[in-house]
Amino acid sequence: MNELAAAVPWLGKRNPAAARWLILILAIAAPLIAWQFGRSWVRILDFALLYMMLALGLNLVVGFAGLLDLGYIAFYAVGAYTFAFLASPHFEVHLPFWLVLPLGAAFAALAGIMLGFPVLRLRGDYLAIVTLGFGEIVRIFMLNLNYPVNITNGPQGIGMIDPIVLFGWDLSQNLQITERFAINSLFLYYYAFLACVAGSILFIRRLQISRVGRAWAAMREDELAAKAIGINTRNLKLLAFALGATFGGVAGCLFGAFQGFVSPESFSLMESIAVLTMVVFGGMGNIAGAVIGAFVLALLPEILRHIAVPLQQAVFGHVLLDPEVLRMLLLSLAMILMMLLRPTGLIPARARYAHPENLHRSSQP
Amino acid sequence: MDAETLQQLINGLVIGSVYALIALGYTMVYGILGLINFAHGDVLMVGAMTALQTMLFLMGVAPGMSPVAMLTLALLVAIPVSMLIGYTMERLAYRRLRNAPRLAPLITAIGMSFLLQTLAMIIWGRNYHTFPQLISTTPLQPVEGVFVTPVQIVIIVVSALLMIGLTLLVNRTRIGRAMRATAENHRTASLMGVDTNAVIAFTFIIGAGLAAVAGVMYASNYGIAHYGMGFMPGLKAFTAAVLGGIGNLGGAMLGGIVLGLVESFGAGYIERLTFGFLNSSYQDIFAFIILGLVLIFRPTGLLGERVSDRA
Amino acid sequence: MKKTLIAAAILGLGLSAAHAQEVVKIGAAAPLTGTIAHLGKDLENGARLALEEANARGVTIGGKPVKLEFMGEDDQADPRTGTTVAQRLVDAGVKAVVGHLNSGTSIPASRIYHQAGIAQITPASTNPKLTQQKYPGVFRTIANDVQQGSVLGKFAVENLGAKKIAIIDDRTAYGQGLADETEKAAKSAGAQIVAREFTTDKATDFNSILTKIRSANPDVIFFGGMDAQAGPMLRQFKQLGITAKFLSGDGSCSPEMIKLAGDAIGANAYCSMAGLPIEKMPGGADFRARYKKRFNADVQIYSPYAYDAATAIITAMEKAGSAEPSKYLPELKKVNFDGVIGNISFDDKGDLKQGSITVYQFKDGAWVPL
């Protein structure tokens, strides 16, 4: 929150408290603003929040612990499929949301540990390629485990997944306040997801300045030195994988319930790369970076899709490039230019722990 | 060896040679810069598409040209174009990122890969194109029931020649020595009078040239080309490079061949080996499982000697 | 100067008159990027052509002249993007949607169209599950996997005389669904399935699975997948000396497939498409020519189906005298006309009632109906 507040231009430095309120108001009002442009924008915001959770989780692994993970989407898949197994007509099991969510998180964490153990010794790019392989292996198993016993329903995916139901309150139905006035289900999902993201931010914030967070930072900067001062790097790595995976699993559960349909093509390598790009784009190793990176990169393609054609017609008189092509072109250029001009991301992480006084100050709530 | 086994061996060798050629480009760049050049596979695509464009042009202006001359001319255009792309990438993007945080070059490379694909899509459209198969694809039957086409033989021979050539270049020439020195230590090499910038640019150019050749051979073998054709072979070749020990030329070649064979035999025999429990739908995971096992038990790859401490 | 002013005034008048005419938006969604972008564009063009021709003819809904407006979206063949563009179409106020291409995107998107109450007619998604959801607004103008697979399986055994059949699918919802149904039908017709192999929708190398299949020596090899794989696969048939007959579904029944297979395609290649041959249909005789003239491209696969889907929507709206979904949906259920691909009328689930399938054989550079 503090980091996010500080990232607000101009106001952030002068009046952090006001900036904090501004962010809070924006976060709550965002879907109302988006609504003015159409319901699809609220849906896009909902997905942006899911991407924020993913980016926060991956940031924990890559940014905090310094372990480059190119297969992060696998945990998202584990979460989504857990939800689909336990709350859909596929196995005729319909467990309540409150039970499935922790299970999804737990399975994802388990998957994280399963990945973590064999790769403990690997570093840097070797780790990257093995995690990439792990992501693909998970996807391929989801794609093919419909034979000899049908577990995942293969390429057909699992549909008709139960929506999120909180205390008998179904989020997928519009909430009727009075006869004339109803709150759209997209808003309900938005605030539910917002609560999850806020919870994650608070948790990760506490974690970052805790003993574990500082040990991760030490390990990231110099593993040998970290070992030498008595940090148990093995446990810390496993913890990073497990915790990072947990966030992926939770986001996956929410995704499954929100979309109502999961199939392996949602969990491709490109998605892993997309989330990693969000983290790096925003600025690795800091919460505000992950949040803003996810927000910008989830919205950018959609904004381009919206403005590309009218803009070209206004400027050239006819459409030179299809919006789809332009979207890919600008996205790739954005990735390259961003890294060239600002390689530490939109909001660079500050070397907070080098200065004890900073540490002290930021540990104040 | 029965006909089926022999055929799978040939299948594996052909695709493995292509992987090996691409892997060389990855491994050289990694050895010198510690950079995973994700866009390398797309340089292969640029090579194939440029060659295709040249051939179509030549067929228009000189329909009676002999296939060999046409292929040579196409290569003579495709290789420099790919080299130019490789050089431009290095000069405009990667060079500025040498001292950037570790992930920045990787993200740039991914962006570069998307950029090349998008540009290719703008130029050549989204459709698959047929690639003229100038070398015959009518199969020969050296052994009863085993088929091999002339283009496949060319692929294996050309790959082998290029690999030998590259090994000689790196081990026997002045520029090769400079490359090895730069890979060992940039600063020291530059203190010794090596123009490291030129050496790095040269490495990219050579890698791109090899990729162009690989692209043309790949497209000739399958008879198709399109804007996204480089991504999967690129990924596989990268796996092959790591498998063999990234940064090591011999390793890349070995890794490529091993990967090709594993994929080919894996897809062909897994159903029988697992009593029908697994089948060829799992063929894309063999590469990753083998890779995982090799790295866990031999973290520097099959032939890697140096412990990768670039992390 | 004066002249310009007058011209501008006239132009302005013309514009405002055009605005006074009621506009009905109809959406289309298909992948316009990625490996099957050419098929997505084909689908979109089919719907666009139907709208443009209807506009040229003049559409009257409820006694008022109406202009139909086309809105196309790229779903990238991705389920999540599919739901996003579905929402976008709904927001833009489209009254009906032609799409999507892949079953994997059609199914999640159908929920959004259903919530908005508008009709979705897919001209390409063949997965039976789509209409099994029993959404009242979901229809398809193409035979589903069960309809097509049962014909293909029987055809392989009875017409091609196959005793041993090998089956390959591309691990997409479409390929797997069709391959499974074909396998079932072939088995019950008395054939033996000697190999069941798999590839992906991004692969170009099929040598190892084909080598394995060759050892099993099948009479017919069936492939459930798209033209971009089927073309190179046929080339590898030739390279490996496989002489078995090649059979596939609508996904590889395109001119693109013939182009990609090059000289490796011959009279041993068969494929099927839903409906009757276009050339024999009263409404479709010159469809290819019209399409070619408008888009300067050949019909691939789905444009006739998309054309018919859009025509069904327009017909229903005209009959109901309203573009409001609640009014025209009952009429859409009852439509009955001869489209480009044959008779268009829906059963109570929304599937094509007359699920006739035509099998084509490669002859003299084109697919010729048998």
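I began with the UniProt record for chain B, an unreviewed entry, which lists "transmembrane region" for residues 12-36, 43-62, 68-87, 103-125, 145-170, 197-218, 238-262 and 274-297. UniProt positions are given in the numbering used here, feature names are shortened, and annotations may be inferred rather than shown by experiment. I checked two of these spans in the model, which is predicted: local features need pLDDT of at least 70, side-chain atom pairs count only at pLDDT 80 or more, and totals for chains, interfaces and linings use all residues. For reading my notes, residues are numbered from 1 along each chain as its sequence is written, chains are lettered from A and ligands numbered from 1 in the order in which they are written, and side-chain values use heavy atoms, with hydrogens and water left out.

Residues 12-36 of chain B are 88% helix and 0% strand, with end C-alpha atoms 25 Å apart. For residues 238-262 of chain B I found 84% helix and 0% strand, and 15 Å between the end C-alpha atoms. Helices (H or I, at least four residues) and strands (E, at least two) are DSSP runs, numbered from the N terminus.

Next I looked at helix α10 of chain B, where B:L254 has its place. B:L254 counts as partly exposed because its relative accessibility is 36% (buried means under 20% relative accessible area, exposed over 50%, partly exposed in between, with a 1.4 Å probe and protein chains only). Beyond four places in sequence, B:L254 is in contact (heavy atoms within 4.5 Å) with B:L302 and B:L303. B:S264 also lies in α10 (residues 249-273) of chain B. I count B:S264 as buried because its relative accessibility is 2%. Leaving out residues up to four places away in sequence, B:S264 touches B:Q8, B:N11, B:G12 and C:S208.

Then I turned to where chains C and A meet. How many residues of chain C are in contact with chain A? I noted 31 residues of chain C against 35 of chain A. The buried area between them is about 2700 Å², with 46% from carbon and sulfur atoms (the accessible area, 1.4 Å probe, that two parts lose on being put together, summed over both). C:R80, C:R88 and C:R171 supply 24% of what chain C buries there, more than any other three residues.

I found 1 salt bridge between chain C and chain A (a side-chain nitrogen of Lys or Arg within 4 Å of a carboxyl oxygen of Asp or Glu). C:D91 and A:R39 meet in a salt bridge at 3.9 Å, N to O. On the side of chain C that touches chain A, the elements giving two or more residues are β3 (64-74), α3 (79-91), α4 (103-116) and α7 (173-188). The largest share, 9 residues, comes from α3(C).

C:T84 sits in that helix, α3 of chain C. Is C:T84 buried or exposed? It is buried, because its relative accessible area is 2%. Beyond four places in sequence, C:T84 is in contact with A:S40, A:R43, A:I44, A:F47 and A:E302.

Last, I followed a salt bridge inside chain C: C:D169 pairs with C:R196, the closest N and O atoms being 2.8 Å apart. C:D169 is in strand β7 (residues 164-169) and C:R196 in strand β8 (residues 192-198), 27 residues apart. Both C:D169 and C:R196 are buried. I also noted that C:D169, C:R171, C:D180, C:E183, C:K187 and C:R196 are linked in a network of salt bridges.
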